[in-house]
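Take a walk through this model, one region at a time. Keep the sequence at hand and turn the structure as you read.

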Amino acid sequence: MGEPIRVKSLDPTLRHEIAGILKKYDFSNCLTCGMCTAGCIYSDLHEDQDPRKFIRKVALGMREEAENDPFVWNCTMCERCTVECPMGVNIAAITRAFRGKTPVPPGHLQVIADDHIRTGNQMGVEQIDYIETLEWIEELLQAQLKDPSYKIPLDKPNADFMFCFNAREIKHYPADLQTILHVFHAAKANYTISTKRWDATNICLFTGKDDEFCEISRPLFEEAQRLNPKEIIVTECGHAFRSTRQFARNYWDGKPIPVRHIVEIYADWIKEGKLKLDKTKNTVPVTMHDPCNTVRKEGVYEPQRYVIKNTVMDYREMNPEGKYNICCGAGGGALAVAATKQMRMIKAKPKVDQLVATGAKIGCIPCHNCIDQFNDMNKFYKLGMKMEHLSALVENALIEDIPEDAPEETSN
Amino acid sequence: MSQITVGDLVVELDEDGFLEDHKQWTVDVANYLAKTEEIEELGEEHWKMINYLREYFDQFGVAPMVRKMCKDTGFDQKKIYELFPAGPGKGACKIAGLPKPTGCV
């Protein structure tokens, strides 16, 4: 048995304080039924992972216990619990409010926020390195397309969309960006990339610091206002997509601008016949993960299925999927905290079981955060699978006219 | 945090397997880390990249952009992935003893 609750030490102001941070969001309708804990796939896997216990501490006013509860940082904020809650209580929002009260978030999380505020992108990529990397990708695409006149449309006003991405695509994975721009080219997209503001991520989605959240996202929207695209399209990164949408919904007071996920525009292009794909080029069985931020939280579910069914021959759904999907185990910024590795691999197990049950050889993971976790679980559990973004599979299925008699593509 | 013993040396790694202190790096440590990154044996081309990354990090205190890695070593990205299956940041930089990159990686 645990300690008894000492009524005299309870602090009834805690609940109001948290409701205040959450703009009067009322979670006092919690019935204490425990469906959240039943919904949390991790509550049986390791200690300090029980949403019901946590919300009871908050509701009762057990200030010290709630503020120091490891649950606050163990929770991946995936909202799997909320799907089951008969009252729709958003535990992840409460978790985030407590995170915001932590003076220094763990691991690299605060470094990422500070770098983003200081440099305009979360990895501190300097302007000259950004521009030179874009020029380099342009050269690589000129060779790949055998078209020396190919240009990346930079700072083009009034385009159909402004493409915003994740600093890792510039710093660590330029081949991913090249793949995406190749698909844009094949679809003859009328888009632009800003030379000034381009990183759509916002780590404060996980640190809970709202002032910094705004400081990071606002310049991206000011840049969008200046370039005046019809919409913002965000790369295959669940947290970049979610945070950009959330800023647009809750904070942006300029000219309204829609924010969509890249899989949505791929689906449009396939329907409109702008993107021609030959799915017989992808014969290996593929399954696809539903990133929590994109699917459960932002409701983008059909477009990526439409795309993948037009991209691969043998698509296999995981069970459960959609809004009932199981989190990869590294949500809530866990990948930026090295100390979570062991816990991440424990949390990966239900996902591993899902993957293996499909018999697929390729995991399509349309999220930068999730794909790192899938690569780690692939190695840790020796799955022998290959993890790919959706864009890579789409690129592989492209039907396009590239002149055959032009000079050989140069390497590098 | 975990510890590995390489010869007489005890080296501290973070949970993702990156060196806690890049000054603890030795050739033997690199060989050890290579095994954890699915590389049987470090060959001449691996060393070209590792030595380049170490020199760059000593000089600038950060890992180079992938663009710089390619231009300065003459390897294209495909080649880097052949040499270091986990890629430039999580594979090559780890074996070269650089700290875990910050950010969502």
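Start with a helix pair in chain A. Phe213(A), Cys214(A), Ser217(A), Arg218(A), Leu220(A) and Phe221(A) in α13(A) meet Ser243(A), Thr244(A), Gln246(A), Phe247(A) and Ala248(A) in α14(A). By class, this contact of α13(A) with α14(A) brings together six nonpolar, four polar and one charged residues. Bear in mind that the model is predicted.

Gln246(A) sits in helix α14 of chain A. Is Gln246(A) buried or exposed? Its relative accessible area is 16%. Buried means under 20%, so Gln246(A) is buried. Setting aside neighbours within four places in sequence, Gln246(A) is in contact with Leu205(A), Phe213(A) and Tyr251(A).

Now move to the sheet. Four strands of chain A form an open sheet in the order β2-β1-β3-β4, with parallel pairing. Which strands lie at the edges? They are β2 (191–192) and β4 (259–261) of chain A, and each pairs on one side only. Strand β3 of chain A covers residues 231–234. Three bridges join β3(A) to β4(A), and the two run parallel. Within this pair, Ile233(A) has Arg260(A) in β4(A) as its bridge partner.

Helices pack on this sheet. Helix α13(A) touches β1 (161–164), β2, β3 and β4 of chain A. The direction of α13(A) makes about 150 degrees with that of β1(A). Helix α15 (residues 262–271) of chain A packs on the sheet too, touching β1, β3 and β4 of chain A. The direction of α15(A) makes about 75 degrees with that of β4(A).

Helix α17 covers residues 341–358 and helix α18 covers residues 368–380 of chain A. The axes come within 9 Å and cross at roughly 85 degrees. That makes α17(A) roughly perpendicular to α18(A). Which residues meet here? From α17(A) come Lys341(A), Arg344(A), Met345(A), Ala348(A), Lys351(A), Val352(A) and Leu355(A). They meet Gln373(A), Phe374(A), Asp376(A), Met377(A) and Phe380(A) in α18(A). By class, the contact of α17(A) with α18(A) has seven nonpolar, one polar and four charged residues.

Next, look at the backbone. Most residues other than glycine have a negative phi, and most peptide bonds are trans. The peptide bond from Asn319(A) to Pro320(A) is cis, with omega near -5 degrees. Pro320(A) lies in the loop between β6 (315–316) and α17 of chain A. Met77(A) is not a glycine, yet has a positive phi of about 55 degrees. The loop between α5 (71–74) and α6 (80–84) of chain A holds Met77(A). At 5% relative accessibility, Met77(A) counts as buried. Asp155(A), also not a glycine, has a positive phi of about 50 degrees. Asp155(A) lies in the loop between α9 (127–145) and β1 of chain A. At 25% relative accessibility, Asp155(A) counts as partly exposed.

Turn to chain B. Strand β1 (residues 2–6) and strand β2 (residues 9–13) of chain B pair in the antiparallel sense over five bridges. Ile4(B) has Val11(B) in β2(B) as its bridge partner. The hairpin of β1(B) and β2(B) has two residues between the strands. In this hairpin, Gly7(B) takes a positive phi near 65 degrees.

End at an annotated residue. An unreviewed UniProt entry gives the annotation "active site" for Cys104(B). Where is Cys104(B)? Cys104(B) lies in the segment after α5 (87–95) of chain B. With a relative accessible area of 9%, Cys104(B) is buried. Which residues are in contact with Cys104(B), leaving aside its neighbours within four places in sequence? They are Ile112(A), Gln122(A), Met123(A), Asn166(A), Arg168(A), Ile203(A), His239(A) and Asp372(A).

Technical notes. Residues numbered from 1 in each chain as written. Chains lettered and ligands numbered in written order. Predicted model: local features only at pLDDT ≥ 70, side-chain atom pairs only at ≥ 80, totals over all residues. Heavy atoms only, no water. Contact = heavy atoms within 4.5 Å. Nonpolar A, V, L, I, M, F, W, Y, C, P; charged D, E, K, R; others polar. Buried < 20%, exposed > 50% of the residue type's maximum accessible area, 1.4 Å probe, protein only. Pairing = 2+ DSSP bridges. Axes fitted to C-alpha atoms, helices over the stretch in contact; angles between N-to-C directions. UniProt positions renumbered as here; feature names shortened; annotations may be inferred. Parallel < 35°, antiparallel > 145°, perpendicular 65-115°, else oblique.
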